[in-house]
Amino acid sequence: MRSIGRTAYRIRKDWMLYLLILPAVVYFILFAYLPVVDGTNISFQDYRFVGESKYIGFQNYQTVFDTAGFWRVFRNTIILGFSNVVLTAFIPMFLAMMLNEVMFSPWKRFVQTILYLPHLFSWVVVGGIWIFILAPNGGIVNAIRGLFGADPVFFLVKENLARPLYIGINLWKQAGYVCILFLAAIAGINPELYEAAMIDGAGGFKRAMYITVPELLRTLKVVLLLNVMGALRIFDQIYVMRNEVVAPKVDVLMYYVYIRGLEQFDLGYAAAISVFIFAITLVITLTSRRLMKYHV
Amino acid sequence: MINKVVTRVLTVALLLFLVAGTGLFATGSDESDGEKPTLIWVTSVQGGREPEENPLFEDEVERLTGIRVQLVKPPGSEYTTKLTTMLASGEQVDIAYAGGGTYVSFVEQGLLEPLTDRIAASPVLSDPKIIDPAEWERVRSPDGEIYGVFNKFEQGTLPIVRGDWLDKLGLAEPQTFDDFYDVLYAFTYDDPDGNGIDDTYGMAIGYTLYDTVGLFGAYGLMRGWAYDEGGEFYSPYATDAAIPVYEWLAKIYADGLLEPNFITNNSGAFRELFMTDKSGMNWYWAAWVGLYNQQVHAEDPNNPFEARGIAPPEGPGGRLLKAGGDGFMVVPGLSEYKDEAFQVAEFWHTYDGNVISTLGILGHDYNMVDGKYVLTEIGEAHAMDHGAPQPKSLAWVNPFGELPGFDEAAAIVRDYALPQMATAHDKIWEDITRGEAAKIILGDITAAQGVANMRARFAEEGIGRY
């Protein structure tokens with residue numbers, strides 16, 4: 001009772017601030033929460049665009065889990081998603097620490113710009129660039145191989161190369177952005193810590209291991225959590241870069257939802273997968289928060 | 001004090017925003033004001049060739065029909081998604097273009113207005129001199145209704161070769177698989193462009209198999225799905241009968257006759273290779289025989305380039321090509337302006353409709369000079385294509401005649417082409433068939449393994465008899 005009174009007092013006191021935040025709240029209710037409710041509802045229906053849609057209980061979920069193709073796509077999503085989570089957190093951190101050691105500022109800025117540039121491109125552009133770079137006829141990589149007498153390789157249709165390539169290209173696109181987050185965090189580390197360590201005789205490696213890395217942990221947690229939340233929602237890269245040969249290795253859940261829902265009009269089935277993705281993402285995110293002790 | 005003022009200004013702005021959002025200041029629809037309704041026409045093919053030309057196209061439709069339309073043209077790659085989303089969300093759509101599998105799915109979903117009675121009552125569409133009545137029967141749905149009006153004569157795809165290269169190398173038009181191999185070999189290794197550099201390929205295609213239907217057709221196999229004796233779906237391309245075709249494709253790849261980007265090429269890429277002396281053959285729409293010739297000679301009238309449509313190879317199954325899948329103008333069941341929408345679809349097959357769908361817009365794409373049509377520079381560049389370069393109307397005669405080579409190519413298509421059956425599972429068919437075919441052609445697996453994989457993957461998806 002007392003807490004209700006306190007809340008009412010706060011609202012009365014800061015009513016203008018609450019009013020200003022209202023559009024954002026309305027936006028999230030309309031475009032984030034209501035669609036989840038609507039999607040969950042559709043997942044229990046034999047959905048039709050026009051006319052009555054019958055409720056069919058858990059049949060869509062049953063069909064999803066009985067389809068071998070779904071589990072293949074789920075496996076791909078886990079492999080690609082969690083490789084992205086780990087690599088696009090730790091490698092940019094490592095790069096940021098290396099860049100921080102560069103003393104010649106113009107060179108440092110140049111490398112930073114080069115690293116960041118791919119992040120500015122859309123996946124359509126990035127996909128086009130890599131399809132061009134790796135093409136067997138006219139591609140730069142194969143042209144260089146040709147100079148050494150090697151036969152051209154159609155990299156983009158090699159099943160065994162598909163996942164490493166897609167993970168690598170995602171890293172190439174995202175590394176610069178994450179690297180800047182870590183560089184900003186490094187800039188915020190108290191320089192007296194380094195000075196004290198140097199006086200105590202700590203070398204570069206020890207300073208990095210015992211000062212820089214621990215100081216970057218909070219940023220690392222944020223980056224990891226953001227990556228985890230997006231892990232199962234990969235879509236753009238696959239939509240742009242996939243081809244039928246490597247599809248069994250790289251097709252992911254969101255692409256599967258898109259095809260089943262909007263190309264094959266099987267909206268009940270697609271909604272069931274969407275709810276599944278939502279639930280799994282929620283569980284993984286909450287577990288990660290707990291494991292990482294996010295608020296500590 | 002300043003903080004207080006800023007907060008109040010923001011609050012007033014917010015309130016205005018919220019009130020505006022509720023539509024309290026809305027002025028009402030066009031119709032309630034007694035104005036003509038504006039029909040929303042969602043399409044990927046009809047209209048201006050450039051986005052800025054669409055308003056002119058809309059005005060031209062209004063001038064000729066008295067009906068106001070507004071074109072919505074999503075990018076081709078996202079067309080189905082955008083249209084489906086608009087229909088699913090109840091957005092206004094009065095006329096839509098729907099092709100192949102999309103049309104079938106829309107009918108299955110009950111999204112479309114049956115047009116059977118309207119077509120029967122239409123003096124234009126029921127006129128056998130304009131549209132062959134057998135064509136309407138062909139597209140009648142199992143429930144007896146017709147849900148769409150044809151967009152155009154869909155022609156078909158066929159092998160298109162460099163006729164000038166054939167002549168230069170002293171080669172006859174190929175008739176059998178062996179002949180095709182010999183021609184592709186000569187195009188690759190006998191320097192057909194005479195530049196002294198080994199920079200040509202026999203054949204360039206895209207999307208792995210694209211429209212090489214004629215190769216499979218030689219064994220009596222049609223692209224996509226077919227029904228077996230038990231009435232169940234099966235894929236002719238996934239039968240053992242298709243193995244010799246995959247083996248032939250693998251051989252031309254291994255021998256360097258097939259341009260290696262065949263999996264990731266889009267149609268623009270292989271067209272470019274063909275028009276720039278890099279490949280001697282592709283499989284594409286009959287209309288493109290004329291367009292290739294027109295485009296290359298527009299750049300350089302002295303270029304010896306000659307695109308020529310030829311018959312596909314003859315095999316144990318005879319000869320077979322793919323006719324274009326029907327594209328339809330449909331009227332969604334939720335449209336409030338069904339009568340007006342149907343009138344636009346009907347207009348499309350009148351003489352004026354044929355003119356706008358081919359030549360384009362009066363005063364922009366063409367002018368009338370002494371009672372004769374004269375294309376403007378823009379009209380020349382648009383190559384007489386504003387949604388239906390070859391109208392469905394049997395009464396239509398293009399005042400400029402057809403582009404060079406088209407008539408001969410169209411005759412070959414008429415002789416050998418059958419339409420592919422459109423189903424809601426076409427996308428999965430494409431994915432699985434093309435994926436396994438590519439592995440066979442690249443030599444990663446044998447043809448027998450490939451077709452077995454196709455069948456296993458169809459079974460995994462629970463489609464057809466597998």
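Modeller: A crossover is right-handed if, with the strands pointing away from the viewer, the path from the first strand over the helix to the second runs clockwise. The model in question is a predicted one.

Biologist: Which elements of chain B make a right-handed β-α-β unit?

Modeller: The unit consists of strand β1(B), helix α2 (residues 54-65) of chain B and strand β2(B).

Biologist: Why is strand β1 (residues 38-42) of chain B described as largely enclosed by the rest of the structure?

Modeller: A residue counts as buried if 20 or more other C-beta atoms lie within 10 Å of its own. Four of the five residues of β1(B) are buried, and the strand is therefore largely enclosed.

Biologist: What makes β1(B) and strand β2 (residues 68-72) of chain B a pair?

Modeller: Pairing requires at least two bridges. Five bridges join β1(B) and β2(B) in the parallel sense, so they pair. Within this pairing, B:Trp41 stands opposite B:Leu71.

Biologist: How many bridges join β1(B) to strand β3 (residues 95-99) of chain B?

Modeller: There are two, and the strands run parallel. At least two are needed, so β1(B) and β3(B) pair as well. Here B:Val42 stands opposite B:Ala96.

Biologist: How many residues does each chain bring to the contact between chain A and chain B?

Modeller: Chain A brings 28 residues and chain B brings 31 residues, where contact means C-beta atoms within 7 Å. On the side of chain A that touches chain B, α2(A) gives the largest share, four residues. By class, that side has 19 nonpolar, six polar and three charged residues.

Note on methods:
Residues are numbered from 1 along each chain as its sequence is written. Chains are lettered from A and ligands numbered from 1 in the order in which they are written. This is a predicted model: local features need pLDDT of at least 70, side-chain atom pairs count only at pLDDT 80 or more; totals for chains, interfaces and linings use all residues. A residue is buried if 20 or more other C-beta atoms lie within 10 Å of its own, exposed if 12 or fewer, and partly exposed in between; C-beta atoms are placed from the backbone. Two residues are in contact if their C-beta atoms, placed from the backbone, lie within 7 Å. Ala, Val, Leu, Ile, Met, Phe, Trp, Tyr, Cys and Pro count as nonpolar, Asp, Glu, Lys and Arg as charged, and the others, Gly among them, as polar.
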